[in-house]
Amino acid sequence: MSAQSRPDVSAPGPVGQAGSAPAAQAPEARLLTEAVTRLRRALRSSIRTDYPWETLPMAQVELLQVLGEHSPARISDLAARRRLAPSTVSGLIGQMISAGLVARDVDAADRRASVVTLTDAGREKLAAWTTAHERRIDAALGALDDDARAAIGNALPALFQLAENLGGEAGDGASER
């Protein structure tokens, strides 16, 4: 990132300081929002270098990740974990079934319900996606100086806590790290 496009990160005051005015928190929130947006965009576009055929929408990737950790799962459970409407998840699952990434089966505990599981193709797609992203992030981290890498490493627990505070599933399992 060039010096011109790098935001000023010298905003005063700690984020979330008790008793601080909302205006004092706004610069940190704005900068973090910008950083997260840029990271997602940069990772998504740069991944095509290692994984040019990657076309999986992020919503489907997130469902594959949940299923990789919690499978089999009901549509309602997936919807709750991703904080999405069940109809949205059902539509995504339908697309993923058509792509051969997941399968719908009868729930052994309640034969009236169905569950979704990863197929071998889904596991392979998720593993390839994860490996490609980790490789790109590792290369980008390797280009940073030791202080910057240490700062990112030290910030990870706080970022996971922030995700939990936002109420997102992104913090699920973070306490196990």
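Contact here means heavy atoms within 4.5 Å. With that in hand, let's look at this protein, which is a predicted model. Of its contacts with a separation of 6 or more, 48% are between residues 24 or more positions apart.

**The overall layout**
- The protein has six helices and two strands.
- Out of 177 residues, 24% are buried.

**How H2 meets H4**
- Helix H2 covers residues 58-69 and helix H4 covers residues 86-98; their axes come within 10 Å and cross at roughly 85°.
- Angles of 65 to 115 degrees count as roughly perpendicular, so H2 is roughly perpendicular to H4.
- On the H2 side, the contact uses Ala59, Gln60, Leu63 and Leu64, while H4 brings Val89, Leu92, Ile93, Gln95 and Met96.
- Sort the residues of this H2 and H4 contact by type and you get seven nonpolar, two polar and no charged.

**How H2 meets H3**
- H2 also packs with helix H3 (residues 75-82), at an angle of about 110° and with the axes 11 Å apart.
- That angle makes H2 roughly perpendicular to H3.
- The crossing of H2 and H3 is right-handed.
- Glu62, Leu63, Val66 and Leu67 of H2 make the contact with Leu78, Arg81 and Arg82 of H3.
- By type, the residues in the contact of H2 with H3 are four nonpolar, no polar and three charged.

Definitions and conventions. Residues are numbered from 1 along each chain as its sequence is written. This is a predicted model: local features need pLDDT of at least 70, side-chain atom pairs count only at pLDDT 80 or more; totals for chains, interfaces and linings use all residues. Side-chain values use heavy atoms; hydrogens and water are left out. Helices (H or I, at least four residues) and strands (E, at least two) are DSSP runs, numbered from the N terminus. Buried means under 20% relative accessible area, exposed over 50%, partly exposed in between (1.4 Å probe, protein chains only). Axes are lines fitted to C-alpha atoms, for helices over the stretch in contact, and angles run from 0 to 180 degrees between N-to-C directions. Angles under 35 degrees count as roughly parallel, over 145 as roughly antiparallel, 65 to 115 as roughly perpendicular and the rest as oblique. Ala, Val, Leu, Ile, Met, Phe, Trp, Tyr, Cys and Pro count as nonpolar, Asp, Glu, Lys and Arg as charged, and the others, Gly among them, as polar. A crossing is left-handed if the near helix is turned anticlockwise from the far one by less than a right angle, and right-handed if clockwise.
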